[in-house]
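Good morning, and thank you for making time for this presentation. Please look at the sequence and the structure as I bring them up.

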Amino acid sequence: MNTIIRPAITLFLIMTLLTGIVYPFAVTGIAQLLFPAQAAGSLVMAGGQPVGSSVIGQSFSDPKYFWSRPSATSPQPYNAIASSGSNQGPLNPALADAIKTRVEALKAADPANTLPVPVDLVTASASGLDPEISIAAANYQAARVARVRGLPPEEVQALIGSHARGRLFGLLGEPRINVLELNMALDILPAHSAATLRGSRFARSP
Amino acid sequence: MTPATIAFITVFFLLLLVSVKPFGLYMANVMEGRPIWPLRVGARFEGLIYKLCGVDPTSQMGWKKYAVALIVFNALGALAVYALQRLQVWLPLNPQQFANVSADSSFNTAVSFITNTNWQGYSGESTMSYLTQMAALAVQNFMSAASGIVVAIALIRGFARHSASTIGNVWADLTRSTLYILLPLSVLLALLLVGQGVVQNFSAYQDVTTIESVTYQNPKVDAAGNPLKDSAGNPITETQTTQKQTLPMGPMASQEAIKELGTNGGGFVNANSAHPYENPTAISNFLEMFAILLIPMSLTYTFGRMAGDTRQGWAVFAAMAILFVPLMVLAVHSEQQGNPLIAKLGVDQTASLTQPGGNMEGKESRFGIGASALFAAITTVTSCGAVNSMHDSFTPLGGLVPLFNMQLGEVVFGGVGTGIYSMLIFAIVGVFIAGLMIGRTPEYLGKKIEAFEIKMSSIAILVMPFIVLTGTAVAVSIASGKAAVANPGAHGFSEILYAFSSAGNNNGSAFAGISANTPFYNIGLGLVMWLGRYWPIVAVLAIAGSLAAKKRVPVTAGTMLTYGPTFVILLIGTVLLVGALTFVPALALGPIVEHLTLWGT
């Protein structure tokens, strides 16, 4: 048995050291050199303080903001240390009830809106942390945001246009828009010209 | 399917297709120990490993020794994974001070990770320390994948050798597959993923102050941490407001890379590849899907190359591809169709230039329908089990596809190594059936297929349906099995069937509504995973030993060709016959009845 036990234990220890310790530390070291911001979580800063991550969604429910997708994390939505979907099956009555409530909330916040409700705006994402909504979901909310903020609708629409992301090479990804970036751009909009805005980092004084 | 989805899937598979030959050839060279440059560069380090282990890499083992050594090696892994979880609070790299994991959950996770299943009853971001993730889980991501590769290579040697009593040296095979195949690819992929936004650090979790505050109902707990309930049994909650979001951190990219390349699938965080920190962009998603399929697909070429006839490898590849495509199309189509009950609520599920449409419950905006359903199909035909969308919320037929993909026995590309060796077992059964029909002694790759091979093949194939169906039957019969179900009706049965299909086939994905972190499921699924992995492995290695000992039969006019269309159809038929006959009755009780209910009302 010594021809099995000794090599097994030794090889196991070597491989643990190599793939379990050396490998992750080496990757961390190189990643810190090449992509320090991404490796640290793509944090978004405002006034020197981290206010979120550009790849992790946040909850928005004030009518003056674009709302994110519904989140099934608990106990609060967009709880980033308890990522989860709703896991409701297609026939689960709780799913239809939840979607009905969400449609009603959207309509109550904007009774005059006659656009069809985009499906992604009333269904919970897989992670509960989806940072993005579809362009249709942004367009649906544009009139409400403009009205509550007293902005011309074209200005809000232009902001959507400048933040929208399309398919890479026409193949990869869906047309979508980052909600946190869009809302942060909205918050500084009145003081700036919409045409020069491309995220807060590039905002210029008027 | 939208034109954009069709274009995306076509380009994806073309890129994979052109990688199969070069990468398959590379793996053949590595496993045969040919002096190609990576092996020359690593020769000194590789030699040091053998020296420390006290082994001669050129000495050969018979199948019994090979099997025992492999199982002992994996058992050490299980002990380490168990121990690290049970001791993590006292060990370093635990910035969140996570407590030690419970005994039954640690057992389940230990078996889950050594068997390449990577079923997860726990939530990674709130359970596992960085050390446990790296030194326990990621190590087994490498070792279980390497174990799959070496069994496949041993079986291929069984076909390639003749009149031999040995099938290779397990220590050299494990070392080479890790050093020259898994590790370099992982480093490359991990760095590409960090570039896309996958985190890679050892910091404590990061608190941020969000733009808007959130008001929510927080369940109250007593001093022992148990939820308080009122007289009606409902949880007591209090209203809370917070503007804090805590972002999970850790060495995620390094784990993510091997999780896909090794068809492991165990996520660093609960939402797995749906989580924006594990899979932040459409490009990272593309890379992850590519990584899942690269090794299983290329091993078909490795097989053909090492067996001395690459046409044999392409025939197996063709059978796999033909099985894959229609199931994948069914999944994408069903998800794009959406849910008629949601359409009734005035919700727009039509795909357009501004929205993905379809069934978006449990899917992410950046992936939409096409890249979610494709991922689901890929992760279940291979034994990966990573998910970028929640299969539990798929439409009935969209959810049937991942379930049936697993039940085919993970032979359609399959896991790293397991896919090709399981498919070759079906090939042996296939030529046996053909031999019975034409009344000749069946042969495959110049080896006579006799009673011993057929007995072992039957054992390897039949253990999976036996444990999956028995496990499901037990779970639906007892209270602790039924209590875990999250959805009412037929879908609840599907959740249980999915859990056992996933465990028995070492896949690891789930209809995740099921609350499986209970002693019944932790122990039951642990046993199913263990049997589903090692029973076939021993049978396959026995066949490898038996084939290696046989003489090569010369090809004659009466030899059945095992690379033409006839053979491909025969192989597909064998896989479908076993898979369909065994599982269609169970599927009828779950997704099929659910589909009829959804569209019939």
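Predicted model: local features only at pLDDT ≥ 70, side-chain atom pairs only at ≥ 80, totals over all residues.

Where in chain B is the place of Met1(B)? Met1(B) sits in the segment before α1 (3-31) of chain B; helices here are DSSP runs of H or I with at least four residues, strands are runs of E with at least two, and both are numbered from the N terminus.

Residues are numbered from 1 along each chain as its sequence is written, chains are lettered from A and ligands numbered from 1 in the order in which they are written, and side-chain values use heavy atoms, with hydrogens and water left out.

To return to Met1(B), its relative accessible area is 33%, so it is partly exposed; buried means under 20%, exposed over 50%, and partly exposed in between, with a 1.4 Å probe and protein chains only. Leaving aside neighbours within four places in sequence, Met1(B) is in contact (heavy atoms within 4.5 Å) with Ile6(B), Ile9(B), Val329(B), Val332(B) and His333(B). Trp37(B) is 36 residues from Met1(B) along the chain, and their C-alpha atoms are separated by 44 Å.

Next, the domains, whose bounds come from an automatic or database domain assignment. Chain A has domain 1 (1-40) and domain 2 (42-202), with 40 Å between their centres, taken over C-alpha atoms. Chain B is divided into domain 1 (18-199 + 254-304) and domain 2 (206-247), and their C-alpha centres lie 39 Å apart.

I turn now to helix packing. Two packed helices are described by the angle between their axes and the distance between the axes. The axes are lines fitted to C-alpha atoms over the stretch in contact, and angles run from 0 to 180 degrees between N-to-C directions.

In chain B, helix α5 (residues 130-160) and helix α17 (residues 519-549) have axes that come within 7 Å and cross at roughly 25 degrees. α5(B) is therefore roughly parallel to α17(B); angles under 35 degrees count as roughly parallel, over 145 as roughly antiparallel, 65 to 115 as roughly perpendicular and the rest as oblique. Their crossing is left-handed, that is, the near helix is turned anticlockwise from the far one by less than a right angle. Among the residues that meet are Val151(B) and Leu155(B) in α5(B), and Ile537(B) and Leu541(B) in α17(B). By class, this contact of α5(B) with α17(B) has 11 nonpolar, four polar and one charged residues; Ala, Val, Leu, Ile, Met, Phe, Trp, Tyr, Cys and Pro count as nonpolar, Asp, Glu, Lys and Arg as charged, and the others, Gly among them, as polar.

A second pair is helix α16 (residues 490-504) and helix α18 (residues 565-600) of chain B, packed at an angle of about 130 degrees with axes 8 Å apart. α16(B) is therefore oblique to α18(B), and this crossing is left-handed.

Finally, the backbone. Most residues other than glycine have a negative phi, and most peptide bonds are trans. Asn116(B), in the loop between α4 (103-114) and α5 of chain B, has a positive phi near 65 degrees and is buried at 3% relative accessibility. Phe413(B) has a positive phi near 70 degrees and is buried at 1%. In chain A, the peptide bond from Ser74(A) to Pro75(A) is cis, with omega near -5 degrees.
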